[in-house]
Amino acid sequence: MTERTNLEGSQSSLPTNIRTAAHDWVRPIHIRDNLLVDDLGRTLLLRGVNMSGNSKLPLFPPGSAHHTSPRFFDHRNVSFVGRPVPLHEAELHFSRLRSWGLTFIRLVCPWEALEHQGPGIYDQEYINYLIQLLKIASKFGIKCFIDPHQDTWSRFSGGSGAPGWTFEVVGLDVTRLEQVGAVVYHDFSNKDFEGKMVWPTNYTKAASATLFTCFFAGNVFCPKSMYQGEHVQDFLQRHYYACYEYLAKRLRGLHAVVGFEAMNEPHPGYIGMEDITSFDQMKDLHLGHSPTPLQGWALASGMKQNVDYYIKSWPWPSRKVGTRPLNEEEISAILPGRECVWKENGVWTVNADNQPVLLKPNHFAKLEDGSDCDFYRDFYGPFLKNFCGAIRRGNPEAFFFFEPIPNQDPPVIVDQDWHTNTIYSPHWYDLKAVFQKSFDSFFTHDVQGLSRGKNLLQASYFGLYGAKKNYTLQIGNVVKAGLQKVGVKPCLIGECGIPMDINQKRAFETGDYTHHTNFLDAVITALEANLVHFTLWNYNPLNTNDHGDHWNGEDFSIFSKQAVEEAAEALKAHENARDEEREHSLHPGPRSPTSPMSRRSSISSYAPHTPFDISDLIYAPPDEGHHIGGRALDAVIRPYASKMAGIPLKMGFQLSNLSFEVSFYTPRMQLSAPTSKEGLESPVHDLDGKKAPSLPRVVSEQTSEEIASNTTEIYVPQFHYKQWEDFEVTVSDGVWLYDAQKETIYWTIDPRQQVQAQPVKTWFGTIPVDETKNIHTLRITRILKKTAKKGYFW
């Protein structure tokens, strides 16, 4: 039988180098093929959050983050100090994330936050703030990588990212972009859309598309355009590289920082368009006013245009419903003394009737020698190489993260000289659910498949099991494409998550987050099935139900401060009621004292709009206070094997019954150690900490270093497993210990022992028996109990 030794109370049996919690990242992390490993050789699985959506916008001066404020366009005099969280609140939020098992952070750090004052002028106060923030993160076992975040280039082109002065480089006046239809800002006054998911349309607007094209390929497509005696592409890229090289130097040596990403969700702008007369509706979102590229340039140059207008639809994202006039005042967004860069470079002109005329319809499809251009090969690949070089000059040990164009396959990487210590970090969302802001558990659609030729029936999945299968296969395609095209690299899904304002925000009123929990559980189940690292979008300390993440109508945060504030208000009301009852008992009056049940009823009107009822909160143990404000935490907080003494094969958590399973393999050795034939027999699960037994052979015959490298660490949150006596752990081999305080199972195997071969069932099929491998499996299951009359129950 498997040795049933209870190691609880025998912490001395564990080497000091593995006495940390499973979800603490205190050891160095390395890359080995497509795996992340620690210095003990154990395979790692990292998970955490993006922090945070509020970092896209400046904090000071007040009003600078909203386009209706007169301070919005004073872009050189802003500050991001305090984004994502003030230093005095950092410990609270990092502690909360650690209590949720989310200890790997993609730290949002836009270019504007660093270099808003002007080219080459860095905000030292902000960088010093980052250094202090990252030092605090280290105290909680948290590691992070820096995300130079952008959406549609800049907040001045409807998103976030680049400083305002970058528009001056290409001759655009940021104060007039909205008036000429070159940008659509966050606006809930438009009843057609109510601000929902309109911001991605800015990728096809003149401001964003022009900046992206000039940044990546200005030397090819606008060679006549200069700024301060330098080609616009060279000027923009030189400052981008230098900015993050400088930041890498300043952050070098901080334990929390593992690397840098190149750019969030890069976009080609006009690059590669074979016909510039229109955008591809299947690739580029059309919603609201949708000018063609030529119309966009004409509008920015002060011409009135009648443009197509689109509204939402299904199965296609939108449909045209007519045309509407733009720029009837004939305002120009071109700076004095400048000219539209595309007119300057002969792509279009104005005829005798003062109408725009396209001269080179395929201008952005050809290189100088007439050959077809390819965004990845000709522009994005060289950019990645140069940016990686800049980061390595700042910090030679830093990991390099990169991603493809959203919802597209990655580039084929040919040039390998910059490709060491790199991590492929694509994004994945259920695009239909995000776009429609709805999820009902009845059916989901494979938008990825629809874009690649599936018909609607083939791309439809039914029920929660169907949603999990749908998402698992989609993420599997993302991982597979990465291995095929960028090579054998670790894969981290840099963004994934769900909108919390789905289904007309009904959960905010009812407190019923069932659909959110099911939705997010399906997403994380798919991530776990693919054994990928991930960072959820996002954890936002400033999120509220009314304003979401405070950016373009998005609301993805798994935390809402509004719930914390309402909980505090409810608790105060409860304390006041208790004081009144005590006063009444001392000075009885005509009315009867309120009962606990009636007090709970009175408090219910103050209940926060979260999955947690306030009456439960009031009587909950104080150590659960971190859960206040959490959204869909049943799905967010879950067990996972963070450090494995082998190569992972399978990992999964069943929310419905709280069962968990993990399997990994080690090479089978030809040694004299005995063979385990017991299969998944149950070892001791009496973990009261009162016993200190002698050590079993699997531990006593190994050195301290061997024990450490052969110990798998599994995060087992008390959020789900507080009643530990209701669960049992079964293992194929080895011995395990559960430390409730650290919320960690330590499972030590002996790789010399041959384990009976067993097939492993996964979402992708059954992994057959391989006699050259030992497959090690641990399961947590709920104990089936029996009553005299009602039979069995969980």
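Author: Helices (H or I, at least four residues) and strands (E, at least two) are DSSP runs, numbered from the N terminus. This is a predicted model, where local features need pLDDT of at least 70, side-chain atom pairs count only at pLDDT 80 or more, and totals for chains, interfaces and linings use all residues. Residues are numbered from 1 along each chain as its sequence is written, and side-chain values use heavy atoms, with hydrogens and water left out.

Reader: OK. Which residues in H3 meet H6?
Author: From H3, Gln124, Ile127, Asn128, Leu130, Ile131 and Leu134; they meet Tyr246, Leu247, Arg250 and Leu251 of H6. Sorted by class, that contact has seven nonpolar, two polar and one charged residues. Here Ala, Val, Leu, Ile, Met, Phe, Trp, Tyr, Cys and Pro count as nonpolar, Asp, Glu, Lys and Arg as charged, and the others, Gly among them, as polar.

Reader: At what angle do the axes of H3 and H6 cross?
Author: Roughly 45 degrees, and the axes come within 10 Å. Axes are lines fitted to C-alpha atoms, for helices over the stretch in contact, and angles run from 0 to 180 degrees between N-to-C directions. H3 and H6 are therefore oblique to each other; angles under 35 degrees count as roughly parallel, over 145 as roughly antiparallel, 65 to 115 as roughly perpendicular and the rest as oblique.

Reader: Now the sheets. What order do the eight strands have?
Author: E16-E15-E9-E6-E5-E4-E20-E19, an open sheet with parallel pairing. Two strands pair if DSSP finds at least two bridges between them. E16 and E19 stand at the edges with a single partner strand each, so one side of each has no neighbour in the sheet.

Reader: How many bridges join E6 to E9?
Author: Three. In one of them, Cys144 has Val257 in E9 as its bridge partner.

Reader: And which strands does H3 lie across?
Author: E5, E6 and E9, running at about 170 degrees to E5.

Reader: What about the three-strand sheet, what's its order?
Author: E10-E11-E12, open, with antiparallel pairing. Its twist averages 40 degrees from one strand to the next. E11 and E12 pair over eight bridges, and H7 lies across E10, E11 and E12.

Reader: Last one: where is Ile121?
Author: In the loop between H2 and H3. Ile121 is partly exposed, at 41% relative accessible area; buried means under 20%, exposed over 50%, partly exposed in between (1.4 Å probe, protein chains only).

How values were computed. Contact = heavy atoms within 4.5 Å.
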